[in-house]
Amino acid sequence: MIQRFIELGEGYSDLYELIEIAKSNQHRVKRLLALQTVDGDKTVLSLAVVLHPADVGKFQPIYICREGLPVNPLKKSQRFELFEALSEELQQQIITFKIKPSSAFAEKELYYQYVIGILRLHHMIPPLS
């Protein structure tokens, strides 16, 4: 099975696209993820939608808005509230992990391999087959 991250971007329009992907593929949504990262002195979230693998080809996409959502402990982000509304609509719990920032890796692909390893370890996605 091939599991691959598909990065959308970090802005509002990218989050809207992520939400639209989840809504239009409701029957395939496996998990909603919030990956919390501390990079220097700021805390940010990566929001992701994991879809069930396609029947043909066994490709499992993980759509992500990488490190685009600043975390303010005093006030909940309006963008995160949109993701929470999606969670309620799809009746899917948002699963949160604290992970290393992508800047800790020499290449973006190494970062995504690290995150896939974490997701496999916690049984969020199936093992390599």
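Student: What makes Ala-34 and Gln-36 contacts of Thr-96, leaving aside its neighbours within four places in sequence?
Tutor: This is a predicted model, and contact in it means heavy atoms within 4.5 Å. Ala-34 and Gln-36 meet that condition with Thr-96, once neighbours within four places in sequence are left aside. Thr-96 itself is found in strand β5.

Student: Why is Thr-96 called partly exposed?
Tutor: Its relative accessibility is 48%. Buried requires under 20% and exposed over 50%, with partly exposed in between, so at 48% Thr-96 counts as partly exposed.

Student: Which residues touch the most other members of the largest nonpolar core?
Tutor: They are Leu-18, Leu-47, Val-49, Phe-80 and Phe-83, in a core of 20 residues. At least two residues of this core come from each of α1, β2, β3, β4 and α2. α1 gives the largest share, five residues. As for Leu-18, it touches Leu-47, Val-49 and Phe-83, among others, not counting residues up to four places away in sequence. There is also a second, separate core of 17 residues, which includes Leu-35, Ile-116, Ile-118 and Met-124.

Student: What makes the length of α1 close to the expected one?
Tutor: α1 covers residues 12–24, and its 13 residues reach 18 Å from first C-alpha to last. At 1.5 Å a residue, 18 Å is expected.

Student: Why can the buried residues of α1 be said to line one face?
Tutor: Asp-14, Leu-15, Leu-18, Ile-19, Ile-21 and Ala-22 of α1 are buried. Looking down the axis of α1, these buried residues fall within an arc of 155 degrees, so they line one face of the helix. An α-helix has 3.6 residues a turn, so residues three or four places apart point the same way. Covering the buried residues of α1 are, among others, β2, β3, β4 and α2.

Student: Why are α1 and α2 called roughly parallel?
Tutor: Their axes come within 11 Å and cross at roughly 0 degrees. Angles under 35 degrees count as roughly parallel, and α1 and α2 are therefore roughly parallel to each other. The contact involves, among others, Leu-15, Leu-18 and Ile-19 of α1 and Leu-82, Phe-83 and Leu-86 of α2.

Student: What puts the buried residues of α3 on the same side?
Tutor: In α3 the buried residues are Tyr-111, Tyr-112, Val-115, Ile-116, Ile-118 and Leu-119. Around the axis they cover an arc of only 160 degrees, which puts them on the same side of α3. Glu-109, Gln-113 and Leu-121 are exposed on the other side. What covers the buried residues of α3 includes β1, β2, β3, β4 and β5.

Student: Why is His-123 called exposed?
Tutor: Exposed means over 50% relative accessible area, and at 63% His-123 therefore counts as exposed. His-123 sits in the segment after α3. Its phi is near 60 degrees, positive in a residue other than glycine. Most residues other than glycine have a negative phi.

Student: Is Glu-67 buried or exposed, and how do you know?
Tutor: Glu-67 has 15% relative accessibility. The limit for buried is under 20%, so Glu-67 counts as buried. Glu-67 is in strand β4, and its phi is also positive, near 50 degrees.

Definitions and conventions
Residues numbered from 1 in each chain as written. Predicted model: local features only at pLDDT ≥ 70, side-chain atom pairs only at ≥ 80, totals over all residues. Heavy atoms only, no water. Helix = DSSP H or I, 4+ residues; strand = E, 2+ residues; numbered from the N terminus. Expected span 1.5 Å × (residues − 1). Buried < 20%, exposed > 50% of the residue type's maximum accessible area, 1.4 Å probe, protein only. Arc of directions from axis to C-beta. Core = buried A, V, L, I, M, F, W, Y, C linked by side-chain atoms within 4.5 Å. Axes fitted to C-alpha atoms, helices over the stretch in contact; angles between N-to-C directions. Parallel < 35°, antiparallel > 145°, perpendicular 65-115°, else oblique.
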